[in-house]
Amino acid sequence: MTPNLQTRGGNGADSRALPHLLGNEPIIAVRGLEVAYGNRYVLRGVDLDVYPGETMVILGASGSGKSTLLRHIEGLGKPSSGTIMVKGVDICSASRKELKNVRRAMGVSFQSAAMFNSMTVGDNVALPLREHTNLAESTIRLMTKMKLQQVGLSGVEDLYPSQLSGGMRKRASVARALAMDPEILLFDEPSAGLDPIIAAGIDELILHLKKAFKMTIVIVTHEMQSAFLIADRMCMLYQGEILAVGTVDEIRNHRHPHIRRFVDRAANRFDKSDHSYLTGFES
Amino acid sequence: MTFLESIGRSTVEKVEYIGGLAIQFWRGLVSSWRINPFTGSRLRWKTTVRQMAVIGVQALPVVCLISGATGLIMALQGGAELRKFGAMGVVINLVGTSMTRELGPLMAAIVVIGRSGSSISAEIGAMTVTEEIDALRTMALDPVEFVLVPKYIAMMAMMPCLTVAAVFSGILAGGIFTYYTLDMTLSVYLQRTAEILMMRDIVSSMAKAVAFGTIIVHVGCFEGFTVTGGPEGVGRSTTNAVVKSIFLVVLADLLFTAFFYFFWR
């Protein structure tokens, strides 16, 4: 199967992989993904490829379906139709065991950090190691410390998540996502609710991870500044469809009016039909 | 037409709810089997024991107090009527059997619903809202296995204990009544009670305790897992957990009582 990389609805954006990634099989391949709640379509036939080692940023306004797309890549949703192949396994129809293996290769950092409040930060990071490996307790302690140092946190093992600041909690959740040394790292709104300085720190952390571990990283965001900084390639979701996929420069110079508005941070004054698709087919 | 529609919709919703509960129950059983705390990891052992303390030990004073009061009420109400027939001795039968078969398990269940059923659904609901449940799933950890099973095992261990405590304190309170009205010593009273109680009373009591505990944990967890819409949703699901647990517990009580009435005399 040759991946269909052409965009839908856009004006012919170049969506090929970066040169050094060409020839690789995509590590994440989304095909014809449709998600509907009742008769309300959130995703309408999304095709997306992410190649090993690249950083893909999924852009989109609130309600464009970008978080839904990420949830489905994480295997947390049930699509109406379409397939999502992660490392060659269709996670929508995978057996429990296959899904378990795929998930071990995936680290997820949630928008709200999603640390377990009843455990210390150290126990949070150590949880996947304790559950999935037979390592000795002293080894797990050491690894926990290392993972926390990698994200720029040290000496917080015995604190509870509620005692950390928002930015620190986010970092700790990245440390937990890194615990099993995943190949793929997924971020939902990494800088949501953080001040610009701390958000920039998170961006730096992502760049560091990209450089140091050559991980495949998928990030959902609406922050253009950080997206341009981090991304190898980006895709723009609009009303449940992918408008364009391309490199940072291609998106920056794209002619589609919606992308222009997004890049130029211009208000959407006249097009009232933007959210009309949410109410169903009639409109 | 809209009336019929609403009946149909609510029927479908109820069937869906019961189906969801049944699936969760089955998955809970399978997971309990797979990771029972005796062979499972240290982590869950600790959680289970902590849950036992929270669900069982901490509820003990309230359960004893409420059941004691209920036993005394039964004795007083029964005594007031039976006095007319000069059959005060029957108070012992009344208190002994009604506490064992019916009121002991029910009072224990009601206290546990109020204390633990609500807190289970609030705790899991908060975890759902803050994406913690999703985080568990992305870490390849089954929320049912990780969150529900320790609570379920703790409940299965503690609910029969609480029921025994409830039954005993109810009967003891009846003894206080007979001590003052019939001049009967406590040891004679307890001996009489022991003669009256039959194996079926004890079995039905314990069966009810296990069934009620199962209902409380599963309804609480199910409400928690299915929370939608932020903190407001957590509040709503907590209310639902309490109301639905009480309803289902009383329903199960009726079924058990009917079963023992017709099939084990």
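**Exercise 1.** State in which hand α4(B) passes α9(B), and classify the pair by angle.

*Solution.* The model is predicted: local features need pLDDT of at least 70, side-chain atom pairs count only at pLDDT 80 or more, and totals for chains, interfaces and linings use all residues. Residues are numbered from 1 along each chain as written, with chains lettered from A and ligands numbered from 1 in written order.

Step 1: the axes of α4 (residues 90–129) and α9 (residues 230–263) of chain B come within 8 Å and cross at roughly 150 degrees. Therefore α4(B) is roughly antiparallel to α9(B) (angles over 145 degrees).

Step 2: α4(B) contributes residues including B:L106, B:G117 and B:V129, and α9(B) residues including B:G230, B:A241 and B:D253; contact requires C-beta atoms, placed from the backbone, within 7 Å.

**Exercise 2.** Determine how many residues of α1 (residues 66–73) of chain A are buried.

*Solution.* Step 1: a residue is buried if 20 or more other C-beta atoms lie within 10 Å of its own. Step 2: seven of the eight residues of α1(A) are buried, among them A:K66, A:L69 and A:I73. Step 3: just after α1(A), A:G75 takes a positive phi of about 80 degrees.

**Exercise 3.** Find what percentage of the residues of chain A count as buried.

*Solution.* Of the 283 residues of chain A, 44% count as buried. For contacts in chain A between residues at least 6 apart in sequence, 66% join residues at least 24 apart.

Notes
A residue is buried if 20 or more other C-beta atoms lie within 10 Å of its own, exposed if 12 or fewer, and partly exposed in between; C-beta atoms are placed from the backbone. Helices (H or I, at least four residues) and strands (E, at least two) are DSSP runs, numbered from the N terminus. Two residues are in contact if their C-beta atoms, placed from the backbone, lie within 7 Å. Axes are lines fitted to C-alpha atoms, for helices over the stretch in contact, and angles run from 0 to 180 degrees between N-to-C directions. Angles under 35 degrees count as roughly parallel, over 145 as roughly antiparallel, 65 to 115 as roughly perpendicular and the rest as oblique. A crossing is left-handed if the near helix is turned anticlockwise from the far one by less than a right angle, and right-handed if clockwise.
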